[in-house]
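Q: Hi! Could you walk me through this model, starting with how you count its pieces?

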Amino acid sequence: MSDSDPLLDIRNLRIEATVYAPGEVPRNAVIVDDVSLRLERGKVMGLIGESGAGKSTIGLAALAYGRGGIRLTGGDIYLNGREIRTASPRQLRRLRGREVTYVAQSAAAAFNPARRLMDQVIEATLRHELCSKAEAEKRAVELFRTLSLPDPENFGKRYPHQVSGGQLQRAMTAMALCPRPDLVIFDEPTTALDVTTQIDVLGAIKTAIRETGVAALYITHDLAVVAQVSDEIMVLRHGKMVEHGTVQQIIEAPREDYTRALISVRAIEHEEKKPTQEPLLRAEGITARYGAMADDVLSNVSVDLYAGQTLALVGESGSGKSTMARVITGLLPPRAGTITFDGKPLPPALKARSREELRQLQMIYQMADVAMNPRQTVRTIIGRPLEFYFNLRGRKRDARVQELLDAIELGEGFADRYPAELSGGQKQRVCIARALAADPKLIICDEVTSALDPLVADGILKLLLNLQAREQVAYLFITHDIATVRAIADSIAVMYQGRVQRYGTKTEVLNPPFDDYTDLLLSSVPEMKLGWLENVLATRKMESAGN
Amino acid sequence: MHPVLTLVIQRLALGLLLLFAASILIFVGTEILPGDVAQAVLGQTATEQALANMRAQMGLDQPAVVRYFQWLGGALQGDFGVALSNGRDIADSISRRLGNTMFLASVAAVVAVPLAIFLGLLAVRYRDRWPDRLISGITLTSISLPEFLLGYIIMFVFSVQLGWFPSVSNINAGMSLGQKLNAVALPAMVLTLVVLAHMMRMTRAAILNVMQSAYIETAELKGLRRFNVIARHAMPNSIAPIVNVVMLNLAYLVVGVVVIEVVFVYPGMGQYLVDHVTKRDVPVVQACGLIFASVYIGLNLVADIVSILSNPRLRHPK
């Protein structure tokens, strides 16, 4: 091995897995096909693609690890000049956690709940006998400091459940860096975090990479994120490489159509509509809490939504935006406040509402798969509200189901499929059709695009906008994603700790002057620009120094 | 107050309540049997007058509630009355035999619990391969055989054929620990085989349940040995179900050894209970019932408390 050799050299990698589809004989599927990549020491390569692109699988292949039934069936993987795809379990044990380490998407699940953070952070270092326990702990504390964790001396004494999600993600980075590996695989390390937390973790990871000089594979579906930390980017689709280049080339001069589509995602233009006379839905002074909890989850929330328009409730996890949906649907009667719908007061509790009131207010959920009965066909799923609200049966019902399927741009033949035979985007479309079947005046959309890939999510947003223009249905759109809000909202309520922090038309809310929280929230959304992360962090540092 | 302390105190209170309920059941159960102690002592031919005298003498003419509280009050002070069949103090006879039963149970437990957990870990380590199948096969066979048959087979092999251990497990206060261990070797072996399968399979299932977790993958990607991954990362998260099954089996070692004690003529509680049931000696049966109930409830209480303590979220609140 010489210094001119790349650290990681993957040649013509082929990865296969056994797929167990319901009702079918298990079959072999190619997950990754003919992918090659070279990573030099100290460099960071971003792997980007949608779900199913094989990016995590390739990341784990750098540890010669296959999840579940995944097998690395062809090609060569050289790490530090040694071929590892065919290495023995014993050789792999010596390499994993020493030469190459892994940072998982959900640190909350990847830390053992029964053991202290310090024990887990230094475990690989001790297991490989790289240094004494005292030295390892000293190094861990230094890493905690580099990653700006609070009280670095004592941080390791805590258990995983005692620290926040963002802190755990940084602790996982410390765990990966502790044995001084040559290569770290970051697998969507910030995807599960709120944007304001994501920017801090991203900054900490970038600092740690720079200070330790470690090389990294950074896996994500968010091009704006990967542009901040990588030197080069590889775009993957369906297990094949689409394009590979420097960050600058990929985001400024992409060669392939698919890359261009990924970059232009969320560029939907939406002209905002002005408030009309009477609101369709008026919530006034809503205060609510769950069961015997001591604190209110919502306090004094007032918003208006006009017929045929979209109100976006935007905020981070725990801001109370989903609770607001539960209050409006009657699942959680508020402790105080009233809801007026179409000029009439709406009974607070679900049981007290008439069938007609229920019909006018429908809901679409984040997880389309669990919102449908897996043993019913699409026809039964969409047909149910037609029977329940309009007493449509037989041929009349089927004709209406077909109309609705056309409306959601799913053609002939979908009526007899089961949910398991649909893709993620198709499932969400069926849920939209089911909501539309009731011919509602208002649909509450709770994070309906969060679980979808960007391009698929774009399609859903466009569909929702078309349907709104045609059917004059209003949306209460709950999301944490600012780009989605820009694409679809007419008015916006920014929620923070159970209160409305900022409320108005889209133009008013998204333009200065900002309050502190909205400013923090908006400036934390990654932008597809080189150096964006440094600029934001530097500005914030100056501002806090100025104060 | 620390939330764990609150939980533990709640469990203790519940345990006491349960024990109280069990004592009522035991008393009522023996009460509704036809005939009473006076009848049992004097026999079918006794005159009405003799029975009445006997009842007055033994306090049996009092209402059942009064007698229940007298019995419970005595039991709480360690006074279970006298046995009808031989007139001896029950507490006296029991304490010696309870000690013997506990000794046998402890010997079996000390061997069986660590062995079961180790075999469980091993079965997970070599899941679906021959060591796993062998362990499952042997333990399932041993649990499927009736314990008296298992007892006689082991007696035949180790006592009759090989002559290593005595076939009759007689122990007394004058023996050294080594002599005692030698005496109980065979019944302890049978008990171990009987409880092994249940505990081992639960350990295997509980650990396999957490082997799917993301933190197991993290541990594997640290380059840890497979057995270390199982023992250090999976095991601490499956303590609660394992402890529950272990405690149920420990309770069985104390309460369920009747057959084994009879097979090996071991002077424990089981033998004592069987002897006195055949003689319809109600006070002895009640006393044994109450002691068995306490052992059962006590061990399950321990299991509950250990489960609570094994949860880091409860031990170390935010």
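Predicted model: local features only at pLDDT ≥ 70, side-chain atom pairs only at ≥ 80, totals over all residues.

Q: Thanks. How compact is chain A?

A: Its radius of gyration (taken over C-alpha atoms) is compared with the globule rule, which is 2.2 Å times the number of residues to the power 0.38. Chain A comes out at 26 Å, close to the 24 Å that the rule gives for 547 residues, so it is as compact as a globular protein of that length. Along the principal axes, its C-alpha atoms fill a box of roughly 75 × 60 × 45 Å.

Q: And how much of chain A is buried?

A: A residue is buried if 20 or more other C-beta atoms lie within 10 Å of its own, exposed if 12 or fewer, and partly exposed in between, with C-beta atoms placed from the backbone. By that count, 43% of the 547 residues in chain A are buried.

Q: What about chain B?

A: Chain B has 15 helices and 0 strands. Of its 318 residues, 35% count as buried, and its C-alpha trace spans about 85 × 60 × 35 Å along the principal axes.

Q: How many residues does each chain put into the contact between them?

A: Two residues are in contact if their C-beta atoms, placed from the backbone, lie within 7 Å. Chain A gives 25 residues and chain B gives 16 residues. On the chain A side, the elements that give two or more residues are α2 (89-95), α3 (107-110) and α5 (123-127).

Q: Let's go inside. Which residues touch the most other members of the largest nonpolar core?

A: A nonpolar core is a set of buried Ala, Val, Leu, Ile, Met, Phe, Trp, Tyr and Cys residues joined through C-beta atoms within 7 Å. The largest one has 165 residues, and A:Ala62, A:Ala174, A:Cys178, A:Ala216, A:Leu217 and B:Met199 touch the most other members. Helix α8 (residues 177-211) of chain B supplies the largest share of this core, 17 residues. Another core, of 72 residues, lies apart from it and includes A:Val297 and A:Cys431.

Q: What does A:Ala174 touch?

A: Leaving out residues up to four places away in sequence, A:Ala174 touches A:Val121, A:Ala140, A:Leu143, A:Phe144 and A:Leu147.

Q: Switching topic: how is chain A split into domains?

A: The bounds come from an automatic or database domain assignment. Domain 1 is 41-58 + 86-263 and domain 2 is 281-522. Over C-alpha atoms, 35 Å separate the centres of these domains of chain A, and their contact takes 8 residues from domain 1 and 8 residues from domain 2.

Q: I see an open sheet in chain A. In what order do its strands run?

A: The 4 strands go β12-β11-β14-β15, with antiparallel pairing; two strands pair if DSSP finds at least two bridges between them. β12 (298-305) and β15 (344-345) stand at the edges with a single partner strand each, so one side of each is left without a neighbour in the sheet. Strands β11 (residues 281-288) and β14 (residues 336-341) of chain A are joined by 5 bridges, and A:Ala283 of chain A stands opposite A:Ile339 in β14.

Q: Is A:Ala64 buried or exposed?

A: A:Ala64 counts as buried, with 20 C-beta neighbours inside 10 Å.

Q: And where is the cis peptide bond?

A: The cis bond joins A:Pro512 and A:Pro513, with omega about 5°. A:Pro513 is in the loop between α20 (506-510) and α21 (516-523) of chain A.

Notes:
Residues numbered from 1 in each chain as written. Chains lettered and ligands numbered in written order.
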